[in-house]
Amino acid sequence: MIAITLFIGALLFAGSMIFISSGFNKTVWVTIGLILTVGSIALMILNYSQYWGMRKVTVQHVYPLTSSITAKKPVLLYHPIGTQNERVYLYKTNPLEHRLQRTDPTQGPVQVTRNASRNELKVTKTYRVYKSEELRLLFSAGVQNHEYVMTQWHFSLKPGWKLISTR
């Protein structure tokens, strides 16, 4: 809808500059066309850079955490990457699974809490959604509704769990 408003404003501005003779009417129509054009461009820029008209929605899932490998003591594996303290954690939420799942440090932060009361993994995903249906219709050619932002992982480990590097 904003693209249509931009197009109408540009046509109104150009048409009134060319086809209307000098006077008060020309000034009014040129001003209206200019306001529509500049306003549409400003709203498009705000929507792309500041996500104007959108809000963040978080969805949180809690999973039971089981040991990454079969061992005497429960283990959470991690793979160090880069030169800083970045890690990819390898985990299982179902003891019957054979394949390990992994965190992705490019999608969001990982937090590990030791000496917790329960073994669990909280996965929090954040999305951007439009505040209302009117704003979604206005910016429908811009940022998509329900746009993925990031994922956060929070591991809670009981006493006795070990963190072991794969290297």
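This dialogue covers aromatic pairs, charges over rings and nonpolar cores in a predicted model.

Q: What kind of model is this, and how are residues numbered?
A: The model is predicted: local features need pLDDT of at least 70, side-chain atom pairs count only at pLDDT 80 or more, and totals for chains, interfaces and linings use all residues. Residues are numbered from 1 along each chain as its sequence is written, and side-chain values use heavy atoms, with hydrogens and water left out.

Q: How many aromatic pairs are there?
A: Rings of Phe, Tyr and Trp (its six-membered ring) pair if their centres lie within 6.5 Å; planes under 30 degrees apart count as stacked, over 60 as edge-to-face and the rest as tilted. By this rule there are six aromatic pairs. Take tyrosine 78 and tyrosine 89: their ring centres are 6.1 Å apart and their planes are at 50°, so the pair is tilted.

Q: Which strands hold tyrosine 78 and tyrosine 89?
A: Strands (E, at least two residues) are DSSP runs, numbered from the N terminus. Tyrosine 78 is in strand β2 (residues 75-81) and tyrosine 89 in strand β3 (residues 86-91), 11 residues apart.

Q: Is tyrosine 78 buried or exposed?
A: Buried means under 20% relative accessible area, exposed over 50%, partly exposed in between (1.4 Å probe, protein chains only). Tyrosine 78 has 13% relative accessibility, so it counts as buried. Tyrosine 89, at 7%, is also buried.

Q: Why is the pair of tyrosine 127 and tyrosine 148 edge-to-face?
A: The ring planes of tyrosine 127 and tyrosine 148 are at 70°, with centres 6.1 Å apart, so the pair is edge-to-face. Tyrosine 127 lies in strand β6 (residues 120-130) and tyrosine 148 in strand β7 (residues 147-156), so the pair ties together parts 21 residues apart in sequence. Tyrosine 127 is buried at 17%, whereas tyrosine 148 is partly exposed at 36%.

Q: Which charge lies over the face of tyrosine 78?
A: A charge sits over a ring if NZ of Lys or CZ of Arg is within 6 Å of the ring centre and within 35 degrees of the ring normal. Arginine 87 lies over tyrosine 78, 3.9 Å from the ring centre. Arginine 128 sits over the ring of tyrosine 51, at 3.6 Å from its centre.

Q: How many residues has the largest nonpolar core?
A: A nonpolar core is a set of buried Ala, Val, Leu, Ile, Met, Phe, Trp, Tyr and Cys residues joined through side-chain atoms within 4.5 Å. The largest has 11 residues, among them Tyr78, Tyr89, Val123 and Trp153. Strands β2, β3, β6 and β7 each supply at least two of its residues.

How values were computed:
Helix = DSSP H or I, 4+ residues; strand = E, 2+ residues; numbered from the N terminus.
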